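Subject: Structure handover, pockets

Hello,

Here is the structure for your files. Please look it over before reading my notes below.

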Amino acid sequence: MTPLRQRMINDMTVRGFAENTKKSYLASVTGLARHYRRSPDQISAQEVQDYLIHLHEQRGWSWKSCNCVRFLYRITLGVPDPHFYLPGAKTPSTLPEILNHDELVRLFTVTTNPKHRSVLMTAYAAGLRASEIGRVRLSDIDSKRMLLRVDQGKGNKDRYVPLSPRLLEQLREYWRRKRPEPWLFPNELLGRPLGRDGAWHIYKRAKEKAGITKAGGIHTLRHAYATGLLEAGVELPVIQRRLGHTSIRSTMRYLHLAQDKTSATPSPLDLLEFPSRARA
């Protein structure tokens, strides 16, 4: 490991970056060094600018992703004005496709592997991120208070979410068969908790088996969880806490997805009362 790489890791660590964020930033800087075959501290500002434009135009990188390189120069190398420009281009606003009732039932029904079924049901019943699913320990399940503890979620924050009775029943059945310890969903081959990629592949196989063609990975189940709560009348601040959102603006996007909240609201045109027309 080069001294520069270690310095950057230290800078990210003291700022509380998540491990996946660190990997992403380091990969971006490694790409810059390989592109010019020189250490980043020997690459000129104009070369960096050209590289960022190359990433954006040729590889489809967003300007937000390019901030990884800017972190290196402004923080690790201590350059107050690195003399390259990252336009604040707006990211197109898109909404995820939500699984309906029948699709969710099919997804859980066709998944017969106890572990895989438990992973999918936990993601949906608790609204967990893919990175949070694997880190659930047996000790995080509080069956007396009917709560599930999410340990060090995004932003290194703990939170509690209600534990579904149906999910608890499924987890107990799974535990009786597999007896996992201490992680609820371990990676048997590596001796570590299930990773994001593993959870993603479980969802992908189940979705194909269920004949679901809608786009999106296992995070779709988290979207479905939030949308279902909103349609059931749960207030936005409550959903925000359950999802672990720092800002309620992140939670408000589900207002566009909740069918009962939006489709049931009539158009202002339908509220107008027109005088009846006299028949000719």
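What follows is a short account of the pockets. Please keep in mind that the model is predicted.

Largest pocket

The largest pocket holds about 1700 Å³ of space. Its lining is made up of 44 residues. To find the middle of this pocket on screen, go to Ala18, Asn20, Thr21, Ser131 and Arg196, which lie nearest its centre. Seen by secondary structure, at least two lining residues come from each of the helices α2 (19–36), α4 (63–76), α7 (130–133), α9 (196–209) and α10 (219–231), and likewise from each of the strands β2 (147–153) and β5 (192–193). The largest share belongs to α2, with 7 residues. Sorted by class, the lining of the largest pocket has 22 polar, 13 charged and 9 nonpolar residues.

Second largest pocket

For the second largest pocket the volume comes to about 670 Å³. There are 29 residues in its lining, and those closest to the centre are His101, Leu104, Phe108, Tyr124 and Arg166. Two or more lining residues are given by each of α5 (101–110), α6 (114–126), α8 (165–178) and α10. Of these, α8 contributes the most, namely 6 residues. The lining of the second largest pocket divides into 15 nonpolar, 8 polar and 6 charged residues.

Regards

Note on methods
Residues numbered from 1 in each chain as written. Predicted model: local features only at pLDDT ≥ 70, side-chain atom pairs only at ≥ 80, totals over all residues. Heavy atoms only, no water. 1 Å grid on protein atoms, 1.4 Å probe; cavity = no way out; pocket = protein on both sides within 12 Å on 5 of 7 lines; lining within 4 Å. Points joined across faces, edges and corners; volume = space filled by probe spheres on them. Helix = DSSP H or I, 4+ residues; strand = E, 2+ residues; numbered from the N terminus. Nonpolar A, V, L, I, M, F, W, Y, C, P; charged D, E, K, R; others polar.
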